[in-house]
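Here are some friendly notes to read alongside the structure. Keep the 3D view open and find each residue as you go.

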Amino acid sequence: MTAADAVVVPWSVIPDYHCFGCSPHNAAGLRLSFTPRPDGALEAAFRLGRAFESYPGVVHGGLIGVVCDEVMGNLIVLARNVPAFTVSQRTRFLTPLLIDREYRCVAMLPPERGPGPIAAHAEILDADGAVCASSTATYQPFDLHAVRDQLTLDDDEVALLDHALSTAKTFSPNGARP
C-alpha cells in the first residue's frame, strides 16, 4: 500500500485535531495513517523510536495497546460511519516490539450484528508477518450531539464532523470499496 492508498479519517475536517494516535498535528503523537485491505481489514504501518521506549530498546507495552485501539476504533468509524468509545480492551503480548523496527497493525471487525456495542480484533505483525501482539476490544457507538458537552468542539466543528461521518463511506468491512 502507498500513501495514496491511505484513507482520510473524518476527524481531518477539524483543522487542528490533536488525536494522539492519528493526528498529523500532534508532534508528540504516533501520527498513524490507515490503509484499507482487500479483505475489509484496516492496516497501519508504524515504526516507533526511542521516545516511545520502555526497557532499553523495547517499545512501551502501553503504546502497543494504543496502536491497536487506534486502528480498531478508526476501522469502526470508517466501516460503520459512527464514532465509538472504547469500553474494554485486552492486549496479549507474544514478543517484545523493538524500537526502530517496522511493524504493522491490522484490525478486523466481525459481521455487523445490529445496534449496540461493537467488537473488534487487531494484531501487530513484524516485518516477517509474525504476530507480536493481539488485542480485542469492545466499543460503544455514540451520537456526537448526545456527548456534545463532553467534547471540546464548537458547534461548527460538531456539524463538520457529523457531516463527514454521515456522508463519507470510505470502505466496507467486507472488502468492497464504494
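1. Let us begin with a term. A residue is called buried when its relative accessible area is under 20%, exposed when that area is over 50%, and partly exposed in between. Please also keep in mind that this is a predicted model.

2. Now look at helix H2. On one side of this helix you will find the exposed residues Asp155, Asp156, His163, Ser166 and Thr167. The buried residues of H2 are Glu157, Val158, Leu161, Ala164 and Leu165.

3. What do the buried residues of H2 pack against? Their partner is helix H1, which covers residues 61-80.

4. You can check the length of H2 yourself. The helix has 13 residues, 155-167, and at 1.5 Å a residue it should span 18 Å. Its end C-alpha atoms are 18 Å apart, so the expectation and the model agree.

5. At the start of H2, a side-chain oxygen of Asp154 comes to within 3.1 Å of the backbone nitrogen of Asp156. Glu157 belongs to helix H2. Is Glu157 buried or exposed? Its relative accessibility is 17%, so Glu157 counts as buried. Apart from neighbours within four places in sequence, Glu157 is in contact with Ile14 and Thr152.

6. Next, turn to the sheet. Six strands make up an open sheet, with antiparallel pairing, in the order E1-E2-E4-E5-E6-E3. Strand E1 (35-36) and strand E3 (84-93) are the edge strands, since each pairs on one side only. Within the sheet, strand E5 (residues 118-126) and strand E6 (residues 131-141) run antiparallel and are joined by eight bridges. To see how they line up, find Leu125, which stands opposite Val131 in E6.

7. How many salt bridges does the structure hold? There are five. As background, side chains of opposite charge can pair when their charged atoms come close.

8. One of these salt bridges links the side chains of Arg47 and Glu102, at 2.6 Å from N to O. Arg47 lies in the loop between strand E2 (42-46) and H1, while Glu102 lies in the loop between E3 and strand E4 (103-108), so the pair ties together parts that are 55 residues apart in sequence. Arg47 is partly exposed, with a relative accessible area of 45%, and Glu102 is partly exposed too, at 40%.

9. Another salt bridge joins Glu53 to Arg50, with the closest N and O atoms 3.0 Å apart. Here Arg50 is exposed, with a relative accessible area of 58%. Elsewhere, salt bridges that share partners join Arg37, Asp39, Glu43 and Arg104 into one network.

10. Glu43 is buried, with a relative accessible area of 14%, whereas Arg37 counts as partly exposed, at 23% relative accessibility.

Technical notes
Residues are numbered from 1 along each chain as its sequence is written. This is a predicted model: local features need pLDDT of at least 70, side-chain atom pairs count only at pLDDT 80 or more; totals for chains, interfaces and linings use all residues. Side-chain values use heavy atoms; hydrogens and water are left out. Helices (H or I, at least four residues) and strands (E, at least two) are DSSP runs, numbered from the N terminus. The expected span of a helix is 1.5 Å times one less than its number of residues. Buried means under 20% relative accessible area, exposed over 50%, partly exposed in between (1.4 Å probe, protein chains only). Contact means heavy atoms within 4.5 Å. A polar contact is a pair of N or O atoms within 3.5 Å; within protein, one must be able to donate a hydrogen and the other to accept it, and residues adjacent in sequence count only if both atoms are side-chain atoms. Two strands pair if DSSP finds at least two bridges between them. A salt bridge is a side-chain nitrogen of Lys or Arg within 4 Å of a carboxyl oxygen of Asp or Glu.
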